[in-house]
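Visitor: Could you take me through this model and its ligand site?

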Amino acid sequence: MTNPQAYKWFFETTTPVEGHMHAIKRTIVEAQTKFQHVEIMETASYGKLLVLDGRIQSSQADEFIYHEALVHPGMLATDLPPRSALVIGGGEGATLREVLKYGSLTRAVMVDIDGEVVELCKKHLEEMHRGAFDDKRTELRTEDARAYLDKTTEHFDFVSVDLVEPLEEGPACMLFTKEFYALIGERLTPGGTMTVQAGMTKINALSFFTAIHRTLRDVFPVVAGYQTFVSCFGTPWGFIVASKKIDPRRQDSQTIDKLIAERVGGTLTYWDGLTHQHAFALPKFLRQALDAETRVSTDANPLIFA
Ligand code: SAM
């Protein structure tokens with residue numbers, strides 16, 4: 001076994017009193033953009049790692065878990081095969097890659113505020129986007145996603161919110177509010193769905209997930225939380241499907257496998273009927289925390305990640 005002292009270490013604080021470490025082989029790039037601090041590193045266990053403002057976004061080895069979990073439960077719960085999708089944020093291009101697996105899709109718009117981050121991902125994270133930016137169905141826009149949603153008149157069958165957490169000084173603070181989700185609701189087709197990455201679901205760090213869930217319940221008739229373990233984050237991670245019609249919790253394992261066979265081109269390595277069942281079967285303490293939550297994030301009082 002290699003001596004741990006032979007490595008440099010990257011330390012991520014997950015809460016103010018907890019964290020975890022990754023051994024770093026090399027830093028590929030480090031930059032300060034107009035919006036955030038970016039690092040792309042090569043780790044000893046997970047290959048390349050994208051870090052924004054000190055927080056891990058994804059790793060080469062297990063990004064398929066995060067990105068398949070973020071996209072497929074929503075894309076499989078639209079009432080008709082999805083024709084159009086909007087990715088909000090999504091820097092690495094891997095969320096875009098997953099939506100493009102649907103043969104029915106004719107248009108995918110990705111709106112990320114930070115063109116410099118996207119360019120760095122294009123250049124250094126080919127393993128993640130795998131050419132998604134060059135797909136002829138893709139339109140890449142560099143602007144604030146809320147400003148884009150305010151002005152567009154287009155409707156989408158699926159919207160994925162793949163944003164950094166709303167840090168106090170960060171670019172995403174006003175994109176986790178009830179008003180923002182209502183704007184997404186207006187831009188979804190009647191049988192459309194959205195998914196959102198909603199932070200940690202580990203004990204003692206649930207409050208972001210439960211507040212987002214509670215906020216979405218004010219806007220959508222169907223709100224279904226689910227979780228999966230993302231090992232480079234060192235914690236279970238929460239996601240939420242919000243839908244106007246179909247409740248993914250009512251889709252059984254066979255239905256999901258059938259829909260994947262019908263709708264998805266290429267292979268999925270994480271999501272299938274059994275994974276779907278497992279992810280939506282939330283444990284008791286988490287269900288209780290969701291039921292007990294009263295906070296609603298609003299423009300006047302937005303949720304800030306501490
Ligand atoms: N996988 C991630 C995680 O674990 O949090 C999130 C993926 S992605 C790298 C987040 C992207 O959101 C970044 O590229 C960032 O530039 C983008 N972003 C932040 N604020 C935004 C805004 N207001 N409008 C559009 N994109 C935004």
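Guide: The conversation below turns to the ligand site and then to backbone angles.

Guide: This is a predicted model, in which local features need pLDDT of at least 70, side-chain atom pairs count only at pLDDT 80 or more, and totals for chains, interfaces and linings use all residues. Residues are numbered from 1 along each chain as its sequence is written, and side-chain values use heavy atoms, with hydrogens and water left out.

Visitor: How many residues surround the ligand?

Guide: The ligand is surrounded by 26 residues, and the closest are Q36, Q57, D112, D144 and P171. A residue counts as near if one of its heavy atoms lies within 4 Å of the molecule.

Visitor: How many of the shell residues are nonpolar, polar and charged?

Guide: The shell has 14 nonpolar, six polar and six charged residues. Here Ala, Val, Leu, Ile, Met, Phe, Trp, Tyr, Cys and Pro are nonpolar, Asp, Glu, Lys and Arg are charged, and the others, Gly among them, are polar.

Visitor: Which atom of the ligand is 3.1 Å from the side chain of Q197?

Guide: An oxygen atom of the ligand is 3.1 Å from an N or O atom in that side chain of Q197. A nitrogen atom of the ligand lies 3.0 Å from a backbone N or O atom of A145. A polar side-chain atom of D162 lies 3.5 Å from a nitrogen atom of the ligand.

Visitor: Changing topic, which phi does R130 have?

Guide: R130 has a positive phi of about 45° although it is not a glycine. Most residues other than glycine have a negative phi.

Visitor: And what about N204?

Guide: N204 also is not a glycine, and its phi is positive, about 80°.

How values were computed: A polar contact is a pair of N or O atoms within 3.5 Å; within protein, one must be able to donate a hydrogen and the other to accept it, and residues adjacent in sequence count only if both atoms are side-chain atoms.
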